[in-house]
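Okay, thanks for coming, everyone. Let me put the structure up, and then I'll walk you through it.

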Protein chains: 2
Amino acid sequence: MNGSPQREPVDLKRASRLLNHGPTVLVSAAHDGKRNVMAAAWNMPLDFDPPKVAVVIDKSTYTRGLIEGSGAFVLSVPCRAQVELTSAIGSSTGRDRDKFAELGLPASPASLVEAPLIDGCIAWLECRLLAEPALQARYDLFLGQVVAAWADPRVFSQGRWHFNDDSLRTLHHVAGGHYFVPGEQVTG
Amino acid sequence: MNGSPQREPVDLKRASRLLNHGPTVLVSAAHDGKRNVMAAAWNMPLDFDPPKVAVVIDKSTYTRGLIEGSGAFVLSVPCRAQVELTSAIGSSTGRDRDKFAELGLPASPASLVEAPLIDGCIAWLECRLLAEPALQARYDLFLGQVVAAWADPRVFSQGRWHFNDDSLRTLHHVAGGHYFVPGEQVTG
């Protein structure tokens with residue numbers, strides 16, 4: 001990790017805001033020399049401070065075993081420029097190959113966990129698994145405590161999203177490779 | 001419940017699509033002659049078939065006791081036309097008053113649970129609580145099985161959202177009463 005212009009630290013008390021509006025995320029994990037990444041529309045913040053998250057990880061995924069083995073995962077928030085990559089990640093398995101190599105997916109080391117940060121994304125949450133084996137087995141539900149958070153300052157600064165660049169908008173999964181990107185902002 | 005033009009049944013196998021893209025929801029519950037409604041940005045689908053959902057319900061909310069008492073809740077998906085109402089619902093308590101009367105909030109009976117459907121919303125998920133007391137106490141995390149689902153056919157039909165009318169777009173919470181509405185659709 002470094003302080004490159006595309007990745008600045010986010011105050012942990014504000015980390016929930018990276019997921020508040022419901023973006024699809026990429027879930028990455030690494031363990032024992034293996035690594036993988038999958039897409040997950042089913043994620044949400046679970047607490048503010050310390051920040052926690054919840055994400056659904058199907059039993060069929062290769063990533064799940066890596067999370068259980070390492071006790072950690074990273075949520076990377078992809079952007080519109082990565083829509084094809086996000087669909088490709090979501091529709092292939094890493095069980096018998098390295099998805100990073102296959103998809104030409106650049107990744108960087110995280111600061112506190114073994115799981116990699118996916119480059120080109122616009123936000124990243126490094127999470128330690130809050131192990132709840134019964135919950136994981138029964139509902140495929142994985143909880144994590146966010147121990148470090150990062151965002152691209154071009155779109156997230158001072159605790160808020162600013163989607164001025166169309167190519168850097170978050171992706172919100174509708175179904176089968178179709179996504180909405182955030183449009184107008186409204187206030188109530 | 002009736003088959004009014006603004007509320008058509010959604011195939012339960014497609015119910016997860018109502019929440020896939022991350023909208024803020026209104027959570028309503030009723031028990032023992034009391035009812036209430038709150039706003040929740042922190043929600044997600046948990047399974048396809050039978051459909052399940054997860055939602056975070058803080059200990060301070062009046063709605064929580066009604067859910068625990070009745071074993072059920074409804075998630076109503078509000079739209080842009082309701083942005084002020086959504087913020088008002090999210091920033092007041094129903095502990096010592098009837099929020100429905102106070103906010104002039106029309107509601108209709110649900111088909112299978114005691115909790116009411118919030119009128120003017122664009123989708124509704126009737127849920128039976130999957131009681132997990134330890135999870136509720138430890139993480140404020142509530143799980144539900146969707147037993148009936150409805151949507152406004154002007155914006156959701158054949159298992160897909162169609163946001164042609166600006167006033168009927170979903171709300172995606174950023175922070176403090178600010179929301180994004182879905183913009184362009186992209187495909188990967």
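**Where the two chains meet**

So, between chain A and chain B the buried area is about 4,300 Å², and carbon and sulfur atoms give 63% of that. Buried area here is the accessible area, with a 1.4 Å probe, that two parts lose on being put together, summed over both. On the chain A side, A:Trp42, A:Tyr139 and A:Phe180 lose the most area to chain B, together 18% of what that side buries.

Some housekeeping before I go on. This is a predicted model, where local features need pLDDT of at least 70 and side-chain atom pairs count only at pLDDT 80 or more, while totals for chains, interfaces and linings use all residues. Residues are numbered from 1 along each chain as its sequence is written, chains are lettered from A and ligands numbered from 1 in the order in which they are written, and side-chain values use heavy atoms, with hydrogens and water left out.

Back to the interface. How many residues are in contact? 48 residues of chain A touch 48 residues of chain B, contact being heavy atoms within 4.5 Å. And 100% of chain A's interface residues are interface residues in chain B too, so the copies meet through the same surface.

Now the polar side of things. There are 24 residue pairs in polar contact between chain A and chain B, both residues at pLDDT 80 or more. A polar contact is a pair of N or O atoms within 3.5 Å; within protein, one must be able to donate a hydrogen and the other to accept it, and residues adjacent in sequence count only if both atoms are side-chain atoms. The side of chain A that touches chain B gets its largest share, 10 residues, from β14(A). Helices (H or I, at least four residues) and strands (E, at least two) are DSSP runs, numbered from the N terminus.

**Salt bridges**

Across the interface of chain A and chain B there are 4 salt bridges, each a side-chain nitrogen of Lys or Arg within 4 Å of a carboxyl oxygen of Asp or Glu. B:Arg138 pairs with A:Glu132, with the closest N and O atoms 3.4 Å apart. Over all chains, the whole structure has 26.

Within chain B, B:Asp119 and B:Arg7 meet at 2.9 Å, N to O. B:Asp119 is in the loop between β8 (117-118) and β9 (123-129) and B:Arg7 in the segment before β1 (8-9), so this pair ties together parts that are 112 residues apart in sequence. B:Arg7 is buried at 8% relative accessible area; buried means under 20%, exposed over 50% and partly exposed in between, using a 1.4 Å probe and protein chains only.

In chain A, A:Asp166 and A:Arg169 form a salt bridge at 2.7 Å. A:Asp166 is partly exposed at 40%, whereas A:Arg169 is buried at 13%. There's also a network of salt bridges linking A:Lys59, A:Arg64, A:Glu68 and A:Asp140.

**One last residue**

Have a look at A:Ser87, in helix α2 of chain A. Buried or exposed? A:Ser87 is buried, at 14% relative accessibility. Its side chain makes a 3.3 Å polar contact with that of A:Tyr179. Leaving out residues up to four places away in sequence, A:Ser87 touches A:Gly177, A:Tyr179 and B:Gly188.
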